[in-house]
Amino acid sequence: MDPRPQPRLELRAIRKAYPAVVANDGIDLDVLPGEIHALLGENGAGKSTLMKIVYGVVQPDSGELLWEGAPVRMASPAHARELGIGMVFQHFSLFETLTVAQNVALALPGKPSLDDVARRIEAIAQRYGMPVDPRAHVHSLSIGERQRVEILRCLLQDLKLLIMDEPTSVLTPQAATALFATLRQLAADGCSILYISHKLDEIKALCHRATVLRAGRVTGACDPRQESTAAMARMMIGRDLPTCQHASSSGEGEPRLEACGLSLARSEPFGTDLRDVSFTLRAGEILGIAGISGNGQQELLAALSGERTLADDAAIRLCGRPCGRAGAAARRRAGLCFVPEERLGRAAIPSMSLADNALLTAHREGMVVNGLLRSQVIDAFTRRCIDAFDVRCGGPAAEAKSLSGGNLQKFIMGREILQRPKVLIAAQPTWGVDVGSSVFIRQALIDLRNAGTAVLVVSEELEELFEICDRLVVIAKGRLSPVRAAAETNVEEIGTWMSGLWPDAADVAEPRDRVAGHAH
Amino acid sequence: MDAITPVVIATLGAGTPLIYAALGELVTEKAGVLNLGVEGMMLVGAIVAFILVLTTGSTTVGVAGAAVAGALMALLFAFVTLTLQANQVAAGLALAIFGTGASAFIGKGYIGVALERATPAGFTLPIDIPLVGPLLQALHPLVYLSWLVFAGVSWFLARSRVGLALRAVGESPGSAHAVGYPVIRIRYLATLFGGAMAGIGGAYLSVVYAPLWLEGMVAGRGWIALALVVFATWRPARVMLGAYLFGGITIIQFFAQGAGVGVASQFMSMLPYLATIVVLILISRDATRMRLNAPVSLGKPFHPSS
Amino acid sequence: MWPNRGIAWQVMRISLEPRVAPSRAMRWASPLVAVALTMLLGVVLFAALGKDPLAGLHAFFIAPIDSVNGVAELLIKASPLTIIAIGLAVGFRGNVWNIGAEGQLVVGAIAAGWVALQPALAESALTLPAMIVAGALGGMAWAAIPAWLRTRFNANEILVSLMLTYVAQLLLNYLVFGPWRDPQGFNAPQSPLFPEAAMLPILIEGTRLNASVLLTLTAVAVGWVFLSRSFPGYQTRVSGLSGAAARYAGFSERRTVWVGMLAGGAAAGLAGVGEAAGTLGQLLPSLSPGYGFIAIIVAFVGRLHPVGILFAGLLMSLLYLGGDSAQISMGLPAAAAALFQGALLFFLLGTDVLVNYRVRVRRSATTASAQGAA
């Protein structure tokens, strides 16, 4: 065997504790030049904290970093970048009101002229097959294009290590394939890549080595090209991947939630307009809406939940009744419950207790009499929710922000389900949730459907949608694709549709897309 | 002198303190910091400048001292909000009240003392242009300086790299931190600049405009400056326009009284405040446009390690 | 300023670590620490002015309340501060920033004064109740303007309510200099004295303590029930903590704005009645020594909680009296009171960091890497 080359990056016994949790506990890791190294672990395993330490965003409590053999204190992201480390965040760190060239220039040392930066962007973009217009404003770009800008911004420096945090979570399967080609070319040019993910398939397809984290510790290292996904899953969660019990749909229930030609202009400057959205959600089924984030999901959910009302009352029907003009409170009274994507700050108030958070939407469960609060009723409901949905917490008085993502999501899901909704809408129900809680939540949604509730799930995770949904539909650029039975479609077809290319869309795309100006 | 020149001179004079305060606050807000304490910083600047001019006889020393005093007030605010993470709205209100009390405390012995009327810059043009010539002669150097500050702030925000970084910090401090910018330091500097400008605006009032010291003599101009920044949708050129518009409204009352208009003086004095409200209504109606122009992170705290 | 030069700054000597849960002890300790720091500032200030610090503290904090009359004066000044602060707290809890209470107080007093000066009501038992209602309605009407402009045009209520304060003061000046000027007042800017029927009854003979404190105590109770025990109060709190959560739950933002503004306006209007019909008995240009502004400090120092506000109101009232007492006995400027009042809020905002963060002091920039190498 060859003598081991000098690792580009070495971590020794890295430890980082937060007040509530030890995020990293004695992590060792090394990355070789030109290697694509996977950091594998489920949500909450400590991957992101570790990468923030490498990139200088967060300082470790103890442990050592070696860069090309020499100990180094990564004082700040600026320092990391000087050394040749770039990072592409899961939530991008771009400035929407600035142009691509300005965004890139902001990250470069010295004072290059914007024209010069633009020229360099175009040259690198061409070399790695990532076309992007340097003069475009970031807010006008699609999510995939923004990710390209993030990568280009790293590449414009002398890049030796690229950290990518869950990069494919915002891409269609096809775009992910293109990204992999770029990453392989980068690695072939000698750049090391640290690739963070919890998706086993893509790690098998892309990475040379993998380090597995669980609960802040390294639980294994392997060559993912040799290892089976089941074996990697065991390293990741400590047992076999659990699955949901899923009986097929009981047939045609009555329509519970209908959208008929729903159109709505964006409310945020950089939002998406909804155009002519129509679907029917029936009792006893789970309808899944797939799509890349930023294609109108936020606007559709706000319109369906009543957080934004419509001019046309008939555009939305709830249990057969027009309710487009009804607000969120009226729709809740009519039997609609909603679990939004943002848990802290929308579905729950971080600094309030679980009991107070139960009151937020469940106040119709006898918690208010003559305008005054009944604390026993609130407390009893909260306890019931905690018990029934296996919420690990310090009791009804615990603050919402003290719960882990998975436990808080189970609490919110429980609060909505215990109100016996006729329609439940759930957005990204398992985003950022650990595997055990994810399975619990998916099973809860399936059980709810079996009990006759109409369930609408909006998710970016195709695996999840295929696991629990009876029927699927895709949202792209504010419009909905045709509906398919989950059993009669596949990841490839839905993936293609996610870029807005579905059969009957092509025919009508010309006249309609004039507004958006981004027709493919 | 003709009939129009005094009106123009008075308008420019009345608008100048607003220009300083509003341009300073604009830079502060562009970095994502909402400092509601402009009124307090102006008052402290006003009394410090007044005392310094009275004792040293130098307007330059007075103005420089006011800038330092305003910046020190802003430093207090910055420490509480940026380092200690306090609520910016509450801290701004505290600064406004504290500045009112502190200026009254410092200025107790100076009420009713008058300074000599400040001498104008006396710029003379090589050729004699009607209106402009006498106008330029009559203006105080601080008016010219305000134009320089305007040019500087405009260039800084639109063209300079540091200005770009400042806007980036105001839009998304998290991203700016990730890209490697010292968010807290940039916010500190922007806040201090705002304080220094407010101090100069106050100095102009007590040293040039009045020129004397009265408790609470800023009379809401600090708050009007805050409204001006909103009115200008965070654009320097519109701050100038708005400031002179308000300057014009402020002086209407004097000319109206001179002309013997039969309305009680109190109602004329209400005009600048009522105009501020009207302007706020007109500019705020379009919520989307407001959101497009307002610095996204305005007023939100940022903690680098969270 | 540029990335490659920003390294040293990243290491702050003082670093803040978020606590797992906010410290309950600190929540109550921090106002006390702030008071202690304010007193410390007083000591430093007195010493700097060449006065005996202990005598200064005595003049400020003890001398004003060493007699029944002193305590009565304390309550008289605490009453408007407390009632206004409770009204404002309802708004502040919901992120509705009414800072125009001073103007609402003035308009409340004008409305009550108008009732008092009606010749037809001079002897009526209904005069006082009518004045109280008119005062509350006047304050509410003045607060309704920013509320309406905010809900209808999205206009910033901070700036609108403050501008209206100046307008209200000018309106009062116009009235007492003009149409309402006392014909027997030797041309002084003041209204005629109110008739006996228009005066709030005195509670303790020989002092000026009047029934306005009963209104304030009622407001403390009502405020507590509303904020802590009622569903609308809960909705207000949710709106203040997270607008997105309030929209998600279907709570009306407009209602929060209206409730918050009107509560502040009514409370300030009642305080105006208390001043006009309690201590003064007429309308004067200097109706209020800034109660509407100082009440903002009272609201925060009282943690936006009615009971806390009651204590904060007493404390702030003591600072007012202390300012007067120190002026008389030590020749200190009366403005020292305002200085301390502002400083107290600053100290409180500063010490509040301890509720949510733990302060850790690092000795130098290299400590972390030294630990790392060990």
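How many helices and how many strands does the secondary structure of chain B comprise? In this predicted model, chain B contains 14 helices and 0 strands. Read along the sequence, the pattern of chain B is accordingly α-α-α-α-α-α-α-α-α-α-α-α-α-α. The C-alpha trace of chain B spans about 60 × 45 × 45 Å along its principal axes. A compact globule of 306 residues would have a radius of gyration near 19 Å, and chain B agrees with this because its own value is 19 Å. Of the 306 residues in chain B, 54% are buried. When contacts in chain B between residues at least 6 apart in sequence are considered, 79% of them join residues at least 24 apart.

Chain A is assigned three domains: domain 1 covers 9-237, domain 2 is made up of 256-335 + 423-434 + 452-520, and domain 3 covers 344-420. The centres of domain 2 and domain 3 of chain A, taken over C-alpha atoms, are separated by 28 Å. Contact between these two domains of chain A involves 6 residues from domain 2 and 7 residues from domain 3. On the side of domain 2 of chain A that touches domain 3, the residues comprise 3 nonpolar, 1 polar and 2 charged.

Chain A includes an open sheet of 6 strands, ordered β6-β7-β8-β3-β9-β10, with mixed pairing. The edges of this sheet in chain A are formed by β6 (85-88) and β10 (217-222), each of which pairs on one side only. From one strand to the next, the twist averages 20 degrees. Within chain A, β3 (residues 36-40) and β8 (residues 192-197) pair in the parallel sense over 5 bridges. In this pairing, Leu39(A) stands opposite Ile196(A) of β8(A).

Helix α1 of chain A (residues 47-54) lies across β3, β6, β7 (161-165), β8 and β9 (209-214), and runs at about 150 degrees to β7(A). Helix α5 of chain A (residues 143-155) packs on the sheet and touches β6 and β7. The direction of α5 makes about 175 degrees with that of β6(A).

Strand β1 of chain A (residues 9-17) is paired with β2 of chain A (residues 22-31) in the antiparallel sense, over 7 bridges. A hairpin of 4 residues joins β1(A) to β2(A), and Arg15(A) stands opposite Asp25(A) in β2(A). Strand β1(A) is also joined by 5 bridges to β4 of chain A (residues 62-67), and these two strands run antiparallel. Here the bridge partner of Leu9(A) is Trp67(A) in β4(A). In general, strands of a sheet pair through backbone hydrogen bonds, either parallel or antiparallel.

The two chains meet through 17 residues of chain A and 15 residues of chain B. On the side of chain A that touches chain B, α2 (77-83) and α3 (100-106) of chain A each supply at least two residues. Helix α2(A) gives the most to this side, with 3 residues. The residues of chain A that touch chain B divide into 11 nonpolar, 4 polar and 2 charged.

How values were computed: Residues are numbered from 1 along each chain as its sequence is written. Chains are lettered from A and ligands numbered from 1 in the order in which they are written. This is a predicted model: local features need pLDDT of at least 70, side-chain atom pairs count only at pLDDT 80 or more; totals for chains, interfaces and linings use all residues. Two strands pair if DSSP finds at least two bridges between them. Axes are lines fitted to C-alpha atoms, for helices over the stretch in contact, and angles run from 0 to 180 degrees between N-to-C directions. The radius of gyration is taken over C-alpha atoms; the globule rule is 2.2 Å times the number of residues to the power 0.38. A residue is buried if 20 or more other C-beta atoms lie within 10 Å of its own, exposed if 12 or fewer, and partly exposed in between; C-beta atoms are placed from the backbone. Ala, Val, Leu, Ile, Met, Phe, Trp, Tyr, Cys and Pro count as nonpolar, Asp, Glu, Lys and Arg as charged, and the others, Gly among them, as polar. Domain bounds come from an automatic or database domain assignment.
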